[in-house]
Amino acid sequence: MEVLKNKKTLQDFIERQKEMGKKIGFAPTMGALHNGHLSLYEAARKENDLVISSIFVNPTQFNNAGDLEKYPRDTDRDISILENSGLVDAVYLPQVEDIYPEKTESQHYDYDGLENEMEGKSRPGHFDGVGTVVEELFRQVKPNNAYFGEKDFQQLAIISKMVEKKQLPIKIIGVSIYRAENGLALSSRNQRLAEERKSDAKIIFETLIKVKEWFKNISVSEIKEKINEIFSNQENMELEYFLIADEDTLKEIDQKENENSYRAFIVVNVDGVRLIDNMHLD
């Protein structure tokens with residue numbers, strides 16, 4: 001596996017691969033890698049000649065300096081995980097100046113309103129930061145296919161919209177949420193949870209399973225009442241939000257219409273660690 005430590009090294013590498021006509025699959029990360037990330041590369045391995053990872057903790061998508069400072073970083077560990085997986089041909093480790101050559105600031109994006117729902121309501125500017133770094137990485141890596149996990153479903157939708165509006169020649173592929181044995185969605189933030197809390201947090205997945213069943217038979221308002229009741233009885237947990245939204249617009253719904261597709265979204269703070277999850281509803 002090649003380790004590409006700056007933009008020039010990456011560009012030389014990509015140029016050689018393109019000259020050989022290789023099809024490139026790419027999944028960018030902010031490090032703190034786990035099996036959920038590896039599932040992206042497993043998907044990419046099946047559909048591409050070459051698989052590239054990147055590790056870059058993007059400063060413009062954090063709303064406060066404290067979160068940026070606390071984000072787990074261990075590049076040597078991450079590189080070892082990628083090497084041992086046998087799934088990745090190269091990893092790009094850009095410096096801040098490789099992504100932001102002038103000022104470390106975001107461009108502004110219009111995602112047709114997707115950015116104003118859910119996470120966008122509490123994290124102003126977050127998705128401008130996401131769009132800025134992902135667009136720049138796409139322009140440098142020049143992938144044919146790019147892979148993102150459905151755990152961050154809103155991010156996946158926003159990147160798809162950005163690619164569509166910028167007319168980038170890249171296919172965006174969503175990969176199913178990778179879960180621990182108890183159902184907890186894998187996340188880099190999970191590293192900050194005690195084992196006991198990881199066990200407790202399985203209730204998030206168990207609740208989504210119930211929502212999937214309830215959605216067939218009872219109203220959205222009744223489901224929300226049940227959710228509030230469940231989490232009001234949980235120690236060390238605080239429900240930040242639960243909603244059911246249209247999968248295409250991400251707008252919250254009050255009642256379902258048969259021709260649309262829906263997804264349940266939930267955010268729970270467990271001992272101060274913010275866990276997000278979602279599930280498609282039939």
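Student: What distance separates the centres of domain 1 and domain 2?

Tutor: Please bear in mind that this is a predicted model. The protein chain is divided into domain 1, residues 2-175, and domain 2, residues 188-281. Taken over C-alpha atoms, the centres of the two domains lie 26 Å apart. To the contact, domain 1 contributes 21 residues and domain 2 contributes 19 residues.

Student: How much area do domain 1 and domain 2 bury between them?

Tutor: Buried area is the accessible area that two parts lose on being put together, summed over both. Here the two domains bury about 1600 Å², and 52% of this is on carbon and sulfur atoms. Within domain 1, the residues that lose the most area to domain 2 are E117, M118 and F153, which together make up 37% of what that side buries.

Student: How many salt bridges are there between domain 1 and domain 2?

Tutor: The general idea is that side chains of opposite charge can pair when their charged atoms come close. Between domain 1 and domain 2 the count is three salt bridges. Elsewhere in the list of polar features, eight residue pairs are in polar contact across this interface.

Student: Which elements give two or more residues to the side of domain 1 that touches domain 2?

Tutor: These elements are α6 (119-122) and α8 (153-166). Of the elements on that side, α8 gives the most, with three residues.

Student: How many salt bridges does the structure hold, and which residue pairs with D89?

Tutor: The structure holds 24 salt bridges. D89 pairs with R45, their closest N and O atoms being 3.1 Å apart. This pair links distant parts of the chain, 44 residues apart: D89 is in the loop between α4 (75-85) and β4 (90-92), whereas R45 is in helix α2 (residues 35-47). Another salt bridge joins the side chains of E119 and R274, with an N to O distance of 2.7 Å.

Student: Which residues does the UniProt annotation "binding site" cover?

Tutor: An annotation is taken from a record and should be read as such. In the unreviewed UniProt entry, "binding site" covers Q61 and Q155. These residues are spread over 95 residues of sequence, yet they cluster in space, with a largest C-alpha distance of 11.5 Å. As to its place in the fold, Q61 is found in the loop between β3 (50-55) and α3 (65-70).

Definitions and conventions
Residues numbered from 1 in each chain as written. Predicted model: local features only at pLDDT ≥ 70, side-chain atom pairs only at ≥ 80, totals over all residues. Heavy atoms only, no water. Domains from an automatic or database assignment. Contact = heavy atoms within 4.5 Å. Buried area = accessible area lost by both parts, 1.4 Å probe. Salt bridge = Lys/Arg side-chain N within 4 Å of Asp/Glu carboxyl O. Polar contact = N/O pair within 3.5 Å; in protein donor to acceptor, adjacent residues only side chain to side chain. Helix = DSSP H or I, 4+ residues; strand = E, 2+ residues; numbered from the N terminus. UniProt positions renumbered as here; feature names shortened; annotations may be inferred.
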